[in-house]
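Me: Could you take a close look at one helix in this model for me, and tell me how its sides are used and what it packs against? I'd be glad of a connected account.

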Amino acid sequence: MKDSAAARSTRKDSLRNRELLITAARQVFAERGFSATLDDIARHAGLGTGTAYRNFPNKQALAAEVLSEATERILADARAALEVEDPWAGLVVFFERAAARQAADRGLYESLSGRGDHEEQARIWPEIVAAVTELYERAHRAGVIRADAAAQDIAAIFALLGPAFEMSRATSPELWRRYLALILDGFRATERPALPVPPPPADALNAILRAGKRTS
C-alpha cells in the first residue's frame, strides 16, 4: 500500500511539474521567443533543469506542445471569421485577430515565420492556408478583393509584419495595426494594376519558411 501511494504521489508530482513547465513556457516564449532556453523556462517555473529534461528532451519539444495550442486558435479565428456576414469584414477580422496573437506572443510569430520546428511548421501552415482559402474565395465571389490576391500569400504577409510587431513592443502596443491596415488596403478590389508576379505555389510554403529562417 505504501509503495502504491508513493507511486501515485510521484505521478502527481510529475504531472504537476509538466504543467508548471508548460505554463512557464507559454509566458517565456511569448516574451522572449526562441532565444529562451529550457533552463530559462525551468527557472521561470521554479524547477530544476533536471526536472525539465525529464519531462521534455529539449526546448523544441516543449515549444511544439505550447505553440500547437496557439496555432489552433488561429485556425479557430479563420473559422469564426466565416461567420461574419460581410466578406471583406470577415477577412479583416481574421487578419486582425491572428496578427494580435502574434504581436502578443513572440514565440508564435517566430514559429509561423520560419524560426521554429520545421516539422511543426510543415504541419501547421497547410491547415492555416486551407482555413483561410474559404475566406479568400468568399471575398473573391463578392468582388471585394483584387482577383490576384491568393491565400498562400498569408505566410509572407505575417512575416512582413514582424518588424511592426517589434516596433509595437518598443513603442506603442497597437502600432502594428497601422501597418496591417496599409497591407490590407492593397487587397481591395479597386482600379489597380495587376501584381507584377504571381503568388507562390501552395507547395512552396516550406521553402519560403526556410528562406525566412536563414535571413532571421
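Reply: Happy to! In this predicted model, helix H10 spans residues 176-185, and its buried residues are Trp176, Leu180 and Leu184. These three cover an arc of only 70 degrees around the axis, so they sit on the same side of H10. On the face turned away from that buried side you will find Arg178 and Leu182, both exposed.

What does the buried side pack against? The buried residues of H10 pack against H5 and helix H9 (162-170).

The packing with H5 can be followed residue by residue. The axes of H5 and H10 are 11 Å apart, at an angle of about 145 degrees, and the crossing is right-handed. From H10, Trp176, Arg177, Leu180 and Leu184 take part, meeting Trp88, Val92, Phe95, Glu96, Ala99, Ala100 and Ala103 of H5. By residue class, this contact has nine nonpolar members, two charged and no polar ones.

H5 (residues 87-104) also has helix H4 (residues 59-81) as a neighbour: their axes come within 8 Å and cross at roughly 160 degrees. The two helices are therefore roughly antiparallel to each other, and H4 passes H5 in a right-handed crossing. Here H5 contributes Gly90, Phe94, Arg97, Ala98 and Arg101, while H4 brings Arg73, Ile74, Asp77, Ala78, Ala80 and Ala81. The residues of this contact are six nonpolar, four charged and one polar.

Methods
Residues are numbered from 1 along each chain as its sequence is written. This is a predicted model: local features need pLDDT of at least 70, side-chain atom pairs count only at pLDDT 80 or more; totals for chains, interfaces and linings use all residues. Side-chain values use heavy atoms; hydrogens and water are left out. Axes are lines fitted to C-alpha atoms, for helices over the stretch in contact, and angles run from 0 to 180 degrees between N-to-C directions. Helices (H or I, at least four residues) and strands (E, at least two) are DSSP runs, numbered from the N terminus. Angles under 35 degrees count as roughly parallel, over 145 as roughly antiparallel, 65 to 115 as roughly perpendicular and the rest as oblique. A crossing is left-handed if the near helix is turned anticlockwise from the far one by less than a right angle, and right-handed if clockwise. Contact means heavy atoms within 4.5 Å. Ala, Val, Leu, Ile, Met, Phe, Trp, Tyr, Cys and Pro count as nonpolar, Asp, Glu, Lys and Arg as charged, and the others, Gly among them, as polar. Buried means under 20% relative accessible area, exposed over 50%, partly exposed in between (1.4 Å probe, protein chains only). The arc is that of the directions from the helix axis to the C-beta atoms.
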